[in-house]
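Please open the structure in your viewer and keep the selection panel at hand. The stops below are to be visited in order.

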Number of protein chains: 2
Amino acid sequence: MPTLRLALCQVNPTVGDLTGNADRVRAWTRKAADSGAQLALFPELMVTGYPVEDLVFRRSFVAASRAALHRLAADLAGDGLGDLPVLVGYLDADGPPQVSADAEPGRGARNAAALLHRGEVVATYFKHHLPNYGVFDEDRYFVPGDTLTVVRLGGVDVALTICEDLWQAGGPFAVARQAGVGLVLSINGSPYELNKDDARLPLVRRRAAEAGAAIAYVNMVGGQDELVYDGDSLIVDADGTLLARAPQFVEHLLVHDVELPAAPETTGGATDLADGMRLVRHEVPAIPPASGGPAATGGIIEPVADEAEVWQALVLGLRDYADKNRFPSVVLGLSGGIDSAVAAALAVDALGPQRVVGVSMPSQHSSEHSRTDAEDLAKRTGLDYRIEPIQPMVDTFLANMSLSGVAVENLQARVRGVILMALSNQEGHLVLTTGNKSELAVGYSTLYGDSVGGYNPVKDVWKTLVWRLAKWRNADAARRGETPPIPENSIGKPPSAELSPGQLDSDTLPDYDVLDPILIGYVDGDLGRDGLVESGHDPAVVDKVLRMVDTAEYKRRQSAPGTKISMKAFGRDRRLPITNRWREDG
Amino acid sequence: MPTLRLALCQVNPTVGDLTGNADRVRAWTRKAADSGAQLALFPELMVTGYPVEDLVFRRSFVAASRAALHRLAADLAGDGLGDLPVLVGYLDADGPPQVSADAEPGRGARNAAALLHRGEVVATYFKHHLPNYGVFDEDRYFVPGDTLTVVRLGGVDVALTICEDLWQAGGPFAVARQAGVGLVLSINGSPYELNKDDARLPLVRRRAAEAGAAIAYVNMVGGQDELVYDGDSLIVDADGTLLARAPQFVEHLLVHDVELPAAPETTGGATDLADGMRLVRHEVPAIPPASGGPAATGGIIEPVADEAEVWQALVLGLRDYADKNRFPSVVLGLSGGIDSAVAAALAVDALGPQRVVGVSMPSQHSSEHSRTDAEDLAKRTGLDYRIEPIQPMVDTFLANMSLSGVAVENLQARVRGVILMALSNQEGHLVLTTGNKSELAVGYSTLYGDSVGGYNPVKDVWKTLVWRLAKWRNADAARRGETPPIPENSIGKPPSAELSPGQLDSDTLPDYDVLDPILIGYVDGDLGRDGLVESGHDPAVVDKVLRMVDTAEYKRRQSAPGTKISMKAFGRDRRLPITNRWREDG
């Protein structure tokens, strides 16, 4: 049986940075070649980044993607890397992409893969299964391909597929079996979700069985707006054996020798292909020779605990949002509470303490510990700590307007928002807002107050998970002999907005260990009132919570982007009408 | 030839208000019956309102829609209206709707129509063509139907279709011809766009020719979040003759007698139906007898000027947003400039002067005319006028922080935002923000400052159109002998943000009659740099404008909803990555 040394290049592209992305392919192809690889794989839409959304409709962008691809092929050859076949995702189109009901069939953009060899594009493939759920809108953007591409290289028949092709039965993997291939390449831009890594390996195994072939699965890594790609690239054998697996959340070169069946001398003309697809075959005449040295083994990374995984996802999402948008630093309000403490610790892990400004903004309702806990956090993490009392500004508003009750509470939060934005305008920081997912769900925040900010690291984190993350991060630091970043008092004290005397979250909201399971069922699970009551929740509490969630829709729409870690993060993957009179409780 | 008296009920439902929507069907069916109608038609998804978005995924919501439909059928019979067949849109599903790649085919929600007669649902139809572009996401929400429903009533064969079925060739209208029907019913939830009414009639005529049958087209009217439905219901004969046409932007009962071919004694079993569809036939045994009186004629409304049409769309969108969300009143800042003047005039037209609060918030940089023009507007419109000087609050911030340049400019706008939100919290108003589409496009606004607000009436209106609307509204008032609402000085003076001494928009932006055509090409037309330069624009100006648009994405994402009047309003129908390093100018 032939052996192929595969190099899975788990790298971090940026949407729209065609030059930077191509440079990254050249640098990592060099590493792959240096490791003796005979075939290198890069993620889905590597050339453009993913998701490109409405850029797809711009003819000039499609042309730029095509031009970048051909320049990349030539540059690789110019680099002396032309013999190594490189599979890379890019954006293509059959003609100018169209967006309308009258679009002609076959006119439109393609989510495409190209095999580059000796300075040329020697084979292409267009994604067949297009995802159109959750964060995906590919029915809007792409025309599905109907042809499986099989390439013979190094004596092995290899099929090309892209991402969603793996998640749906039928289509390319069924045709791959009909074509008798030995290996299926799967290039991905598969966003992280809690527990998705647990679903990935069984899924790849199922498709390996369906195709009767080994699968090399390479995934993107890095943050792009609300999405974070976790990598987790892997290789399984035709019988489902896991051969190699890369770590999550870091760029990684996974190099592994895979024994594969030799392609037959002649290939039967398969007919009646699955899903009405067609089949096209190419041959890559020569690839780098097999290494004479010891076999390459990529190793198998073991999964980590959920808290560690989420923490890494949030750190990477925040770092890439700041860096890819070229923010020199971030600023956030430090209340002494758990949300801002966790957000600050995430920011310090992402950017280093010298790029994080924390501002204590006490008022007359602020407790003594709100300041001392914020100070303690600053000392533990080394961030740039400031104090800006809000009382003079609040008093001037109150002297000039007749305000009472919730208007006075919100005023304090809004003065804080103005201070953070003034610091942002003056010094160039990105403002971080720190409302957790539970608060966002029930609208327990001040619009244009504590919700002010360009990015929210804990937007998709339920309050009870915020606490778990804090405890995990502190314990992890202790385990490594480092200072735990988050003050124990911030973890232990009862949550309060401190906008009126003696105020506690529990005056308004159920306890978070009652609230969160209801929210998880209603928001993440689309359970209705009856389903929640059947699950054992108190009907009166359910009614109260559902009413809060249903009426907070506008505030949620105004919330800042933040790293998504679940199926139903608020934002683009949750779409509800603001004007909606339907209530679960009738 | 038989004659059928059709009643097209062009009404205004609210998303989620299942009881209110059903009550509306009962009230309008009564009117239809009183006019001697033999068949009444209501819009797409009449029972639930449209668009329902992620409510579709909630099992309890689908169950509520089904229950409301059957109760409606019974209630109509109880009202003594059971003999009149009523076609109404509702939400259905084959089983619990699923959202995932693994959804089983045929499991999922349906965009459905039901014919109600004598207390029963006697026929249903599931929408075949699902739109998935612009504001539509129906591939995400619905499973397409594959069966055309034909109902024989009053001796005529009548086919049922829904909205997008009309906009795409093939499918239901082709099968309708194969089935030999005399009339196709088309129920719609078709959002307004400038010039869409001009496309509608030719399209309906084309489908009448395709089906070889008359078409009765009924559309929803009213505002739902960013969408506004314009009505414009109409009837064409099989030869394309326009028989009747309803006005836009108002509820309307269009009753018209249509001569139709008698159904054949026997219907041939058509085979090989278009698009692989199936065909099902029903019979409605008895309908109300034809009126002995004079023929009913619905009349043909002539189209109005673009400015009148847009003005009505914006008024209806704002009115329904306020009323459907149950806001008692609105508040907005009055700068004396054209945007806030037009927004105020729209608000007064929508809600009446007693529901509109206008606040002048002068600073040390405010011109004398900023106050006198605002006062003049208040007098002309009769709105509730207030003055809240911002200087004391601005001075207190400046005394407590070291701010300069743009930070000081933005501070003033943010203090104004805090004042408006405080009034909203204290008195219950909806805050209107008034940035026009040109400002939003280039980011010429203060985030959390003048962008504060729950709704923006001019969000989708280019600056040059704002001026045209103002002139049209004043001229229209003069024509009717009323006081023109907008001060001439607000229309005539050069635009300024008045955030620093002597500041004018033209210090930062090209003149709006240079800027707007570039923005329209880039934003609405997806033209690239080269296309814009080829159209005759100055390359240096194009580069400057494109760079501003590309870097303003985050601000645009934070903008308030507002009535959409174009294909590419900012918001849900324009999706661009924030982190995007691609630039048209390289």
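Helices (H or I, at least four residues) and strands (E, at least two) are DSSP runs, numbered from the N terminus. The model is predicted: local features need pLDDT of at least 70, side-chain atom pairs count only at pLDDT 80 or more, and totals for chains, interfaces and linings use all residues. Residues are numbered from 1 along each chain as its sequence is written, chains are lettered from A and ligands numbered from 1 in the order in which they are written, and side-chain values use heavy atoms, with hydrogens and water left out.

**First stop: a loop residue of chain A**

Select A:T434, which lies in the loop between β19 (430–431) and α11 (437–442) of chain A. Is A:T434 buried or exposed? Buried means under 20% relative accessible area, exposed over 50%, and partly exposed in between, with a 1.4 Å probe and protein chains only. At 15% relative accessibility, A:T434 counts as buried. Next, display its contacts, where contact means heavy atoms within 4.5 Å. Not counting residues up to four places away in sequence, A:T434 touches A:L332, A:D339, A:S340, A:A343, A:D450, A:N456 and A:V458.

**Second stop: a recorded binding site**

An unreviewed UniProt entry lists A:G333, A:L334, A:S335, A:G336, A:G337, A:I338, A:D339, A:S340 and A:T434 under "binding site". These residues span 102 residues in sequence, yet no two of their C-alpha atoms are more than 12.3 Å apart, so they gather at one spot. UniProt positions are given in the numbering used here, feature names are shortened, and annotations may be inferred rather than shown by experiment.

Within this set, select A:G337, found in the loop between β16 (330–333) and α7 (338–351) of chain A. A:G337 is buried, with a relative accessible area of 17%. Its contacts, not counting residues up to four places away in sequence, are A:S490 and A:K493.

**Third stop: another recorded site**

UniProt, again in an unreviewed entry, places the feature "binding site" at A:Y133, A:S190 and A:K196. Select A:S190 in the loop between β8 (183–188) and α5 (196–211) of chain A. A:S190 is buried, with a relative accessible area of 1%. Leaving aside neighbours within four places in sequence, A:S190 is in contact with A:C163, A:W167, A:K196, A:R200, A:Y217, A:N219, A:Y229 and A:D230. Draw a distance from A:S190 to A:E164: the two are 26 residues apart along the chain, and their C-alpha atoms are separated by 8.7 Å.

Move on to A:K196, whose place is in helix α5 of chain A. A:K196 counts as buried at 13% relative accessibility. Leaving aside neighbours within four places in sequence, A:K196 is in contact with A:W167, A:S190 and A:P191.

Select helix α12 (residues 463–479) and helix α14 (residues 512–524) of chain A. Two packed helices are described by the angle between their axes and the distance between the axes. Axes are lines fitted to C-alpha atoms, for helices over the stretch in contact, and angles run from 0 to 180 degrees between N-to-C directions. Here α12 and α14 of chain A pack at an angle of about 115°, with their axes 8 Å apart. A:K463, A:T464 and A:W467 of α12(A) meet A:Y512, A:D513 and A:D516 of α14(A).

In chain B, α14 (residues 512–524) has the buried residues B:Y512, B:L515, B:D516, B:I518, B:L519, B:G521, B:Y522 and B:V523. They pack against α11 (437–442), α12 (463–479), α15 (529–534) and α16 (539–551) of chain B. After α14(B) comes B:D526, whose phi is positive, near 55°.

**Last stop: both chains together**

Show A:F397 and its contacts. Not counting residues up to four places away in sequence, A:F397 touches A:L411, A:V415, B:M393, B:F397, B:V415, B:V418 and B:I419. Finally, display both chains whole: 100% of the interface residues of chain B are also interface residues in chain A, so the copies meet through the same surface.
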